[in-house]
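Please look over the sequence and the model below before reading on.

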Amino acid sequence: MLELKVQTQGGCASSGCGGSADRLAHLPEAIRAKVNNHPCFSEDAHHHYARMHVAVAPACNIQCHYCNRKYDCANESRPGVVSELLTPDQAVKKVLAVAAAIPQMTVLGIAGPGDPLANPERTLETFRQLAEKAPDIRLCVSTNGLALPDLVDELCQYNIEHVTITINCVDPDVGAKIYPWIFWNNRRIKGRKAAEILIRRQQEGLEKLVARGVLVKVNSVLIPGVNDEHLKEVSRVVKAKGAFLHNVMPLIAEPEHGTFYGLMGQRGPTSAELQSLQDACAGDMAMMRHCRQCRADAVGMLGEDRGQEFTLDKIEHLEIDYAAAMQKRAEVQAEIEARRAAQHQQTKVALVSLASIERARPQPKQPESRPVLMAVATTGGGVIDQHFGHAREFLIYEASAQDVRFIGARKVDLYCTGSETCGEAETRLEQTIRALDGCEVVLCARIGYEPWGKLEAAGIAPNGEHALEPIEDAVAAVYRELLDAGRLESVTAEPERLSA
Amino acid sequence: MAFKIIEGCVNCWACEPLCPSQAIVAAKPHFLIDAHKCTECEGEYADPQCASICPVEGVILDSLGMPLNPPGSLTGIPPERLAAARAEIRAR
């Protein structure tokens, strides 16, 4: 029996130090401070902190084949969709209301539903007011980059420390398959020439932001057969220019969304294709894997949307004492930081012990144990605390003898919650099982009798024994159990299923 | 001499700030052009601004009732090539 808590000298052992909190450990203190509580820039932060987007920017200056400019839909959750367009004044009111009600909300982003920088007056006016009225909220913006180089100075003036640029290509021939046109210098430009201008402007904007010390995240949409191989090149180029993080997201293209790709039958990537591309890019730079591709008016933790609690009619007559709210926010965030620090300490011990498994085995030549994907149901806080049947998404972790690493999040109700109109092809449980494809274990707080049986039949072992434990500790512990049971020895053979 | 926005407009606001004559009205169910104000950008720009940024084909008409962005003009795929293009995209 292996010792469960092995303390080693000298802190983290080699690659054993894979805890997500540590992944940013190599960064200078000033940068760590900037991302520590930003759920979109730090994977660990997204377990603890919330964000919101305000939809003040409707217009767009380019067309992407994955976007439908008809953005008003209450039942869809994907980028570019909103329910209520806000004026800057309304947006500021909403931000103050949410900040008072959700003290762990640290970040306000403007992300559309069009391009924020194609609506500079509305976007900048919102930032100007918020920089003054809510100095404890981080402001960030995302853009397609076309108008970016001309607005860098103004963004810096309002203390914008995080900018996301969507860069799908650095080759205009690839770009011509993604962007049919742009609006540039008062004309519509089409085809390759349009892509060429867009790419030039994106790169110029990236360079300028980096020169000003702004943290830049690059978002790329993975479009099979169009830019899949090419994204490795994109990753190299943007990293060389100083981008902080690369976020490769899967294309969302369903006919009912009415996008060009959706209507034309362009497919999105499989989970395996996405993961393999992210792994290929990861050699070059920090990759983001916890993106939930949220709406341009999302409110709450990543993966949840509390927008309906803060609609205009509900906040219109609210009186907000922001000074008091700021006090409470500071207290709540200090508690979160204390909890994170404690959790991080604990997890470090568990991961070190995991890493020591291989070394503890008799040398030489034990067959290497294979990695295992595990799904986790959580509402946040970095612990396993959700009932299987309540989970609308699962976090996917890969455990190996070296470490536990976060792979991504998978949604259960894929992008659409409308039931009547969207067909009843499969039950929620069937949908969940399909979403968990490739996972061998699912960790949750509790689980019902029926899903237990169906999961087992599908070769996924349900596990409710680690309720309320920190995720990475629990994943490490389950991996160790599998290892002890001798289930992980095949490296190349068909992955062994765990059903009894 | 004026353009007209018809049904199919998705109220995306792209055209409104660009109009040099402030002729675009954010109306429901869709935006409208004030025919008294619209100059078709004559003397202001080489191309009419609303029609140059509108993302939807066929929803802005010229004074003869012809679409300024006819079918296929914005996707870059003319109707006669649509089936072939779809087959090509589905094969990816």
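In which loop of chain A is A:Asn185 found? A:Asn185 is found in the loop between strand E6 (181-184) and strand E7 (187-190) of chain A, where helices (H or I, at least four residues) and strands (E, at least two) are DSSP runs, numbered from the N terminus. This is a predicted model, in which local features need pLDDT of at least 70 and side-chain atom pairs count only at pLDDT 80 or more, whereas totals for chains, interfaces and linings use all residues. Residues are numbered from 1 along each chain as its sequence is written, while chains are lettered from A and ligands numbered from 1 in the order in which they are written.

Although A:Asn185 is not a glycine, its phi is positive, at about 50 degrees. With 8 C-beta neighbours inside 10 Å, A:Asn185 counts as exposed; here a residue is buried if 20 or more other C-beta atoms lie within 10 Å of its own, exposed if 12 or fewer, and partly exposed in between, with C-beta atoms placed from the backbone. B:Trp13 lies in the loop between strand E1 (4-5) and E2 of chain B, and because B:Trp13 has 21 C-beta neighbours inside 10 Å, B:Trp13 counts as buried.

Cis peptide bonds are the next backbone detail to consider. In chain A, one joins A:Gly112 and A:Pro113, with omega about 15 degrees, and A:Pro113 is found in the loop between strand E3 (105-110) and H3 of chain A. In chain B, a cis peptide bond joins B:Lys28 and B:Pro29, with omega about 0 degrees, and the place of B:Pro29 is in the loop between strand E2 (24-25) and strand E3 (32-33) of that chain.

Turning to the chains as a whole, chain A has 14 helices and 15 strands, and 50% of its 500 residues count as buried. Of the contacts in chain A with a separation of 6 or more, 73% are between residues 24 or more positions apart, two residues being in contact if their C-beta atoms, placed from the backbone, lie within 7 Å. Chain B has 2 helices and 4 strands, which run β-β-β-α-β-α from the N terminus on. The C-alpha trace of chain B spans about 50 × 30 × 20 Å along its principal axes, and 28% of the 92 residues of chain B count as buried. Among contacts in chain B between residues at least 6 apart in sequence, 48% join residues at least 24 apart.

Within chain A, helix H2 (residues 88-101) has 14 residues. From its first C-alpha to its last, H2(A) reaches 20 Å, close to the 20 Å expected at 1.5 Å a residue, the expected span being 1.5 Å times one less than the number of residues. H2(A) is mostly covered, as 10 of its 14 residues are buried, among them A:Lys93 and A:Lys94.

H2(A) packs against helix H3 (residues 120-133) of chain A at an angle of about 40 degrees, with the axes 9 Å apart; the axes are lines fitted to C-alpha atoms, for helices over the stretch in contact, and angles run from 0 to 180 degrees between N-to-C directions. H2(A) and H3(A) are therefore oblique to each other, because angles under 35 degrees count as roughly parallel, over 145 as roughly antiparallel, 65 to 115 as roughly perpendicular and the rest as oblique. A:Pro88, A:Ala91, A:Val92, A:Val95 and A:Leu96 in H2(A) meet residues of H3(A) that include A:Arg122, A:Glu125 and A:Leu130. By class, this contact of H2(A) with H3(A) has 6 nonpolar, 2 polar and 3 charged residues; Ala, Val, Leu, Ile, Met, Phe, Trp, Tyr, Cys and Pro count as nonpolar, Asp, Glu, Lys and Arg as charged, and the others, Gly among them, as polar.

Finally, the contact between the chains takes 24 residues from chain A and 20 residues from chain B. On the side of chain B that touches chain A, helix H1 (49-53) and helix H2 (82-90) of chain B each supply at least two residues, and H2(B) gives the most, with 4 residues. By class, that side of chain B has 12 nonpolar, 4 polar and 4 charged residues.
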